[in-house]
Amino acid sequence: MDMWINRAILAPAMLLAAAVVSGQAPDVAVSLDSCRAMALRSNKQLLMRNEAVNAAHYQNREAFAAYLPAIDFAGGYTYNQKNISIFDSDQLLPTKSFNLETQKYDFNLVKNPMTGEPVKGPDGQYVPETVALIPKEAMTYDIHNVFFGAVTLTQPIYMGGKIVAMNKLTHFAEQAARELRSSEVENVIYAVDAAYWQVVSLKAKQKLAKSYLELLDTLQGNVDAMVRQGVATRSDLLSVDVKLNQAKVDMTKVDNGLVLSRMALAQVCGLPVDTYMALADEDVEVTECPATLPATSYDMEQVYSQRPDLRALEYGVKIYEQKSKVALSSMLPNVALVGSYAFSNPNMFDGFSKRFNGAFSVGAMVTIPIWHWGGNYNKYRAAQSQAKVAQLELADAREMVSLQVSQSAFRAQEAVKTWQMTVSNLTKANENLRQATLGFREGVMTTDNVMEAQTAWLKANSENIDAMIDVHLCDVYLSKVLGRLGGPAANVESEN
């Protein structure tokens, strides 16, 4: 895990864990970076992306193993019901003697003593004078129990470019998986930021609602005193009471929304939903507007190179190009070197022997595709079409990213301008409320005038809070579409 993440997580995570056990809120406020780091450590989608990177890495190592010789062992045992015999009965073989006159071996045959000619038997064959007996048992072999095995080595020499293509393919797949993980990191960070600033927004609106309640409480007290003195009517007091009750209802809604938003933030950070986190920015008063507006134009080629999702699509194009090469390899010859050592018991290397014995053998194997009715060729053409589809998807994604960047930059500029206007309106609303309150005390302003000023003040403050949060979210989203959101947090490496 990256050192940045360890430093960011260690302190707040320990405090939050202690808070969960004790059921109390932690004393240390949690920063946005700490929330991001906790989410990156626990997000299930990101953990799945990490495992996808691991799987792609191991597939790349598997493809590299195809360069190396494969060694396999196969063995077995067979039980045979019967023995094997070469003869069906005892065999009598005629013999020969050396003839000095002819310098050759002649069969020893029975001869007619009168004529000296060899004698033929009833079957028309000459009758041997002497024979050699070969018993049937001598040529019968015991094969009831047969054990056999072989160790085989196969070294690819040329596989039509398939091994090289598969190594490149799996390498690109691993890089694509890493880019998809980086894209998921950006999604997690954006989700954390949205939940974080939602809490900050509702906390600011909670303070605003309390201030509004205090204003109405003060106004109610003043109007009640004026009613008792006879300078205000009961209708004025009822109007203030209605406003006060509505403000209390709104206060309840804000409180509930704040609790739910804290739950959502805890869930995104991977903590129990009942974990209370005091945020570093929830009590910070931000009144200054940004000095400069966001840029409206960017170097799109640089943006393309920074976007992890586009880089993943680029690797996807390369993957399909290598797939077409793998398909092409099915139409090319394959050459491999094969060596083996086979053994058996019984064996026939030195006569029939009931013991283990074996021998080595070495050879080469060549496979040449000749005719498959266009199957391999069509497979290759299909892979080429898939590569073209991937290229078109990449081009379409780049166009969408260009539009996305333009819209996000425009929205970011609009958010800053809106915030600047709300700050100006807030200054006017504060002054209007001050003038209305002063006029009410001097008797030149009515209760309705004060409540209108208070309502305008509430609206101006609420719009200012919304505009401030919108500036933060637009800035985060612009960073996301520009491919700059990951930063150090994107270096979450899986363990290989």
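How many residues does α9 have, and how far does α9 reach from its first C-alpha to its last? Let's get to that helix by way of a short tour.

Before you click anything: this is a predicted model, in which local features need pLDDT of at least 70 and side-chain atom pairs count only at pLDDT 80 or more, while totals for chains, interfaces and linings use all residues. Residues are numbered from 1 along each chain as its sequence is written, and side-chain values use heavy atoms, with hydrogens and water left out.

**Stop 1: helix α9**

Select 447-481, which is α9. Here is the answer: α9 has 35 residues and reaches 50 Å from its first C-alpha to its last, close to the 51 Å expected at 1.5 Å a residue. (Expected span is 1.5 Å times one less than the number of residues; helices are DSSP runs of H or I with at least four residues, strands are runs of E with at least two, and both are numbered from the N terminus.) Step just past the end of α9 and click Gly483, where phi is positive, about 80°.

**Stop 2: helix α3 and its cover**

Now select residues 44-64. This is α3, with 21 residues and a reach of 30 Å, close to the 30 Å expected. At its start, look for Asn43: one of its side-chain oxygens comes within 3.1 Å of the backbone nitrogen of Gln45.

**Stop 3: the nonpolar core**

In soluble globular proteins, nonpolar side chains tend to be buried together. Here the largest nonpolar core has 61 residues, and those with the most contacts inside it are Cys35, Tyr196, Leu265, Met277, Leu279, Val401 and Val405. (A core is a set of buried Ala, Val, Leu, Ile, Met, Phe, Trp, Tyr and Cys residues joined through side-chain atoms within 4.5 Å.) Elements giving two or more residues to this core include α5 (234-268), α7 (308-329) and α9. Which element gives the largest share? That is α4, with 16 residues.

Zoom in on Tyr196. Beyond residues up to four places away in sequence, Tyr196 touches Cys35, Leu265 and Leu279, among others (contact means heavy atoms within 4.5 Å). Another core lies apart from the largest one: it has seven residues, among them Leu219, Val223, Leu237 and Phe440.

While you have α5 on screen, click Ser261, which lies in that helix. Ser261 counts as buried at 7% relative accessibility. Leaving aside neighbours within four places in sequence, Ser261 is in contact with Gln198, Val199 and Leu202.

**Stop 4: the sheet**

Switch to the strands. Four of them form an open antiparallel sheet in the order β1-β8-β9-β10. β1 (70-79) and β10 are at the edges, each with a single partner strand, so one side of each has no neighbour in the sheet. The twist averages 20° from one strand to the next.

Two strands pair if DSSP finds at least two bridges between them. β8 (145-158) and β9 pair over 11 bridges, with Tyr158 partnered by Val335 and Gly149 standing opposite Phe343. β9 and β10 also pair over 11 bridges; click Leu337 to find its bridge partner, Ala364.

**Stop 5**

Select Asn345 and Pro346: the peptide bond joining them is cis, with omega near 5°. Pro346 lies in the loop between β9 (334-345) and β10 (357-367).

Next is Trp373, in the loop between β10 and α8 (375-441). Its phi is near 60°, a positive value in a residue other than glycine, and Trp373 is exposed at 73%.

Finish at Gln103, between β4 (96-99) and β5 (104-107). Gln103 has a positive phi of about 60° and counts as exposed at 52% relative accessibility.

Definitions and conventions:
Buried means under 20% relative accessible area, exposed over 50%, partly exposed in between (1.4 Å probe, protein chains only). A polar contact is a pair of N or O atoms within 3.5 Å; within protein, one must be able to donate a hydrogen and the other to accept it, and residues adjacent in sequence count only if both atoms are side-chain atoms. Axes are lines fitted to C-alpha atoms, for helices over the stretch in contact, and angles run from 0 to 180 degrees between N-to-C directions.
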